[in-house]
Amino acid sequence: MSKVVLGVAGTGMAVAVAAVAVGPRVSDWYDGRHQEQASYTTGSAAKADHHPVPAWLPDNASAIQYLRSTTGDDRLLRATLPDGRLPAGCVTAQPGKTAHPVPAALKAGWFPAGVSAKTTGACGHYNVTLTGNQLYAWQDGAAVQAALRAQPPAKH
């Protein structure tokens, strides 16, 4: 009987150690498999690809990094803008209006932490921060869905 108990206890400990060692990697793999990342040399190259890069991204933007969730509307974008101004159609931040959060599920080494505290404006459903000629943009899927639900229905 004691051999059976020792065997069960040993197997349980082995399973627990394996879960602790492998669990975080499985979680990272699962989260990462629902994300798509791309890099582009220009805004026009980004728009020519079939990724849903926003239309407001200028064609002459460069060094574009893009990360999106394939299961929702969460997005991160970084681009260098040659003139250091917000793209056409974007609006500057309004006093008292808070930016939606950077999607917690998306992480990229090229997207700085705390960028939402320095929001410069909005481009479509994206909040943006412009630092010099570097544009950081993020879209929170929950905020996008809430904004779409708040819109009045289209009249036919």
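**View 1. Gln-134 and the residues it touches.** Leaving aside residues up to four places away in sequence, Gln-134 touches Arg-78, Ala-79, Thr-80 and Thr-129, where a contact means heavy atoms within 4.5 Å. This is a predicted model, in which local features need pLDDT of at least 70 and side-chain atom pairs count only at pLDDT 80 or more, while totals for chains, interfaces and linings use all residues. Residues are numbered from 1 along each chain as its sequence is written, and side-chain values use heavy atoms, with hydrogens and water left out. The side chains of Gln-134 and Thr-80 are joined by a polar contact of 3.4 Å. Such a contact is a pair of N or O atoms within 3.5 Å; within protein, one must be able to donate a hydrogen and the other to accept it, and residues adjacent in sequence count only if both atoms are side-chain atoms. Gln-134 has a relative accessible area of 17% and is buried; that label means under 20%, with exposed over 50% and partly exposed in between (1.4 Å probe, protein chains only).

**View 2. Strand β7 and its two faces.** Gln-134 belongs to strand β7, residues 134–139. Strands (E, at least two residues) and helices (H or I, at least four) are DSSP runs, numbered from the N terminus. In a regular strand the side chains alternate between the two faces of the sheet. Here Gln-134, Tyr-136 and Trp-138 point one way from β7, and Leu-135, Ala-137 and Gln-139 point the other way. Six of the six residues of β7 are buried, so the strand is largely enclosed by the rest of the structure.

**View 3. The partners of β7.** Strand β3 (residues 75–80) pairs with β7 in the antiparallel sense over six bridges; two strands count as paired if DSSP finds at least two bridges between them. Within this pairing, Leu-77 has Ala-137 of β7 as its bridge partner. Strand β6 (residues 126–131) also runs antiparallel to β7, with five bridges, and Asn-127 stands opposite Trp-138. Look for the hairpin that β6 and β7 form, with two residues between them. In its turn, Gly-132 has a positive phi of about 65°.

**View 4. The whole chain, for orientation.** The protein has three helices and seven strands, in the order α-β-α-β-β-β-β-β-β-α from the N terminus on. Of its 156 residues, 33% count as buried. Among contacts between residues at least 6 apart in sequence, 55% join residues at least 24 apart.
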